[in-house]
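Biologist: I have a structure open and want to go through it with you. Can you bring it up?

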Amino acid sequence: MRVAQYLITVFIVLSLNFFLPRMMPGDPLSYLTGDPSTDMPVIMSEEVREKLLAYYGLDEPLTKQYRNYLVNLAHGDLGWSIYYNAPVSSVLLGSFKWTLLLMGIATVVYIALGILLGALSAWRRGTKTDFGLLISVFSFGSWPSFFLAMLLIVFLSVKLGAFPIGGAKSPMSSQASGWKRAADVLHHLFLPCLTLVLTHLSGVYLLVRNSMLGVLGEDYIRTAKAKGLREQDVLLRHALPNALLPIITMIAMRFGFLIMGTMFVEVVFAYPGMGTLIYEACITRDYPLLQGAFLLTMTFVTFFNLAADLLYARLDPRVRRA
Amino acid sequence: MRRLATFLLLTSMLASLVAGCVPVLTPAATQVSTPTPAPTPTAMTLTLPGKDWGYPSPFAFYPRGPGYIRMSLLFDTLTWKDKNGIIPWLADSWEVSEDGTQWTFKLHPGVKWHDGQPLTAEDVAFTFDYIKERVAAFKWFTTVKKINKIEVVDDHTIVLYLEEPMAGFLIDVAGVVPIIPKHIWEGVEDPAKFTDKEAVIGSGPFKLVEYNKEEGRYIYEANPDYFKGKPAVDRLVFIKVKDEAMALKTGTVDAGFFWGKDIDAVKELEADPNLEAIEGPSFWVLQIIFNTEKPPFDKVEFRRAIAHAIDRSKIVEQVTHGGAIVANLGIISPGTDWYNPNLPAYEYDPSKAKEMLDELGVEDLSLTLLTAGKFAREAELIKADLEQIGIKVEVKSADWGTIDGLLKEGNFDLVLSGHGGIANPSILRSPAWPATGYKNDEYDRLFEEQSRTMDEEKRRTLVWQLQQIIAEELPVLTMYHPKIWCVYNPSKLDTWFYTPGGVGSGIPTEQNKLVFLRR
């Protein structure tokens, strides 16, 4: 039943993917006739313009374009990116793998760290540890990510020279051996990842801390303590699993937003990724690419929501019965 | 507590693993900062900032200047340009018939494609035929349309027959169209989608080693058999960079390219003893586009009043800090062969502007000034100036797609926007330059006439007349021309220069391929 609900959602979103980009003013050729931020306008006669529209299949009636879109999609064909002049699937894949690497690692790290520190804070509530954590997590979390990113670049890259100022690899790294290449990628990944972890940490931390505080006041915790269980057993076996329930939903949503969440960091670190790609696709009115990018984002969001729903049912008997 | 400890241990191990890579991988480019001017016998790698401009085949690059430049490193044209103007390139010499419709080119003998095959007149003929047939699929080479017939006389001689004389032929066609190998493109139906390795086999000074779209990286390698000699740069690398000034300072790149408002960064970099800078023209203009189909903007007197009301030099000073010059009211870039210096000036005079408005009977006017977010500060100054003469202005920001859509619909009052290409008279074609709705038969006639006038002096007179009309009629009111800079590390390469009138049909760039060849 739940799966069916998701399928209907998917169909609606698929249609929105098609119609929303086309409702924006301008068309994909706007960008070919010249744009104020670049140098040379391309002088395009009406004749060439019409031929180009035909070349990209944009001269067909909208209903036919919509049908073609659905048919192609059913065949797994995402179409041809107008601005990037390449198959949409390869353009998406090229950026997606970097986003997955960066955001994947960052998300795992900040969630794990957030749970850990949140639990610690709650356990040591009112002490200096709690206070110190609260202050430091908050101060990092309240900075805009691009500002933190620039600070890190100025101090760690420019002043100390410990990290590259941007990019995903050294230019000549493709000539190096496998291990060196991996190390190079990690080296470039470190600062963007650190930025993301520091700016995203506070949300998880705070939720875990609050949820933990609630749980720690429950009767069964007192019972566990009264049974003479060791502190860490009470914390890890009795308190944390119960405190984590509301957090699962949040984690799922965080993973869902993973694709879009990195744009500022990508821009500051000149890091390849989906955020910049989607932005550029929007600016250039690249309909096929926009459709593909939204499809990918949507798949991601729905997948993790579904996963959270199913996981929730497994973890919490009350939901399963309902 | 043990599990917690294990987790902490694992995270710290991961952190140290990543941190441990540091000494191994300090990028090679950091060595650059040691000033060793003596040329070394080892391979010279030049790293430049950039971004993704598409696969550098003649038909797959994004139709913009930098895309063309990346392609021009791999492919050659019949003519090219140096510091002083047009020079022979693939063609050693050429002749044009009296009436300007027959061009005979003698090719340089012994030129080879990257795959070792000889480049002959057959390839040249094939190139023009091929592009002409598919002219709609390309956004860049539509000028070949005027070629009627191509005749191969012998292996090294070719004659191009034109429909009508074409004044800009040597630059706009012979200097722009890349000659492609027949043996590779012969069977290719959709050239834009042909992005195999063969698609970048040209005759140019470099060969493509690597292209990465999402990372915006290009790696080129010198072509040792280049007919003009092996380039001085052994390896040319373009990487994506966010902040070019910072990348220059850290030695991540060997040159940086700056524009207009970047002037403050340029001044700071110039103070560095290890860096040098050159300044050039951007061939770009910021302008107010009037909706000449909508009252009161349809009245030329009104547009002139606006011209008197706006203090253009104040905009240049306050917004660009001197990183631009006040624009030629006739659009064409000052300093080029075509610039008309004797145009009406419309000195800043708000009280005169107010009087002109009163004469027109314009009262209580409120209008919308639409602009891209980049020019918000310019728009605010314009708003202040116009409000001084009693016009209410609402500034709205939008992205280019939106603005372009509104321009096409004619649904706007004033648009503040810009475009490049103003080193070449062909930019004055109406209505391609975005003076939407403005119609003037005399203007169009003059434009057609200049495009066919082979005598340069006569052509210049006509181009001057076109500028005169624009300055008098003001379908657009130009604001400023930004300056551009190349800041470079001279110990790496010091041959940078700006090409007069630009590379190709007018790309303002310091990346003319001559820069990378031996002097």
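Modeller: What follows goes through chain A, its domains, and then a few helices of chain B. Keep in mind that this is a predicted model.

Biologist: Fine. How many helices and strands does chain A have?

Modeller: Chain A has 13 helices and two strands.

Biologist: And what box do its C-alpha atoms fill?

Modeller: Along the principal axes, the C-alpha atoms of chain A take up a box of roughly 85 × 55 × 40 Å.

Biologist: What share of chain A is buried?

Modeller: 41% of its 322 residues. As for contacts in chain A between residues at least 6 apart in sequence, 71% of them join residues at least 24 apart.

Biologist: Which domains is chain A divided into?

Modeller: Domain 1 covers 23-87 and domain 2 covers 94-321. The centres of these two domains of chain A, taken over C-alpha atoms, are separated by 37 Å.

Biologist: How many residues are in contact between them?

Modeller: On the domain 1 side of chain A there are 14, and they meet eight residues of domain 2. The domain 1 side that touches domain 2 has nine nonpolar, four polar and one charged residues.

Biologist: Switching to chain B. At what angle do α9 and α11 pack?

Modeller: At about 140°, with the axes 10 Å apart; α9(B) is residues 312-320 and α11(B) is residues 376-388.

Biologist: Why do you call that pair oblique rather than roughly antiparallel?

Modeller: Roughly antiparallel needs an angle over 145 degrees. The angle here is about 140°, so α9(B) and α11(B) count as oblique to each other.

Biologist: Left-handed or right-handed crossing?

Modeller: Right-handed, as α9(B) passes α11(B).

Biologist: Which residues make the contact?

Modeller: From α9(B), Lys314(B), Ile315(B), Gln318(B) and Val319(B); from α11(B), Arg377(B), Glu378(B) and Leu381(B). By class, that contact has three nonpolar, one polar and three charged residues.

Biologist: Buried or exposed?

Modeller: Ala353(B) is buried, because 25 other C-beta atoms lie within 10 Å and the cut-off for buried is 20 or more.

Biologist: What does it touch, leaving out residues up to four places away in sequence?

Modeller: Ala353(B) touches Ala305(B), His308(B), Ala309(B) and Ile389(B).

Terms used
Residues are numbered from 1 along each chain as its sequence is written. Chains are lettered from A and ligands numbered from 1 in the order in which they are written. This is a predicted model: local features need pLDDT of at least 70, side-chain atom pairs count only at pLDDT 80 or more; totals for chains, interfaces and linings use all residues. Axes are lines fitted to C-alpha atoms, for helices over the stretch in contact, and angles run from 0 to 180 degrees between N-to-C directions. Helices (H or I, at least four residues) and strands (E, at least two) are DSSP runs, numbered from the N terminus. Angles under 35 degrees count as roughly parallel, over 145 as roughly antiparallel, 65 to 115 as roughly perpendicular and the rest as oblique. A crossing is left-handed if the near helix is turned anticlockwise from the far one by less than a right angle, and right-handed if clockwise. Two residues are in contact if their C-beta atoms, placed from the backbone, lie within 7 Å. Ala, Val, Leu, Ile, Met, Phe, Trp, Tyr, Cys and Pro count as nonpolar, Asp, Glu, Lys and Arg as charged, and the others, Gly among them, as polar. Domain bounds come from an automatic or database domain assignment. A residue is buried if 20 or more other C-beta atoms lie within 10 Å of its own, exposed if 12 or fewer, and partly exposed in between; C-beta atoms are placed from the backbone.
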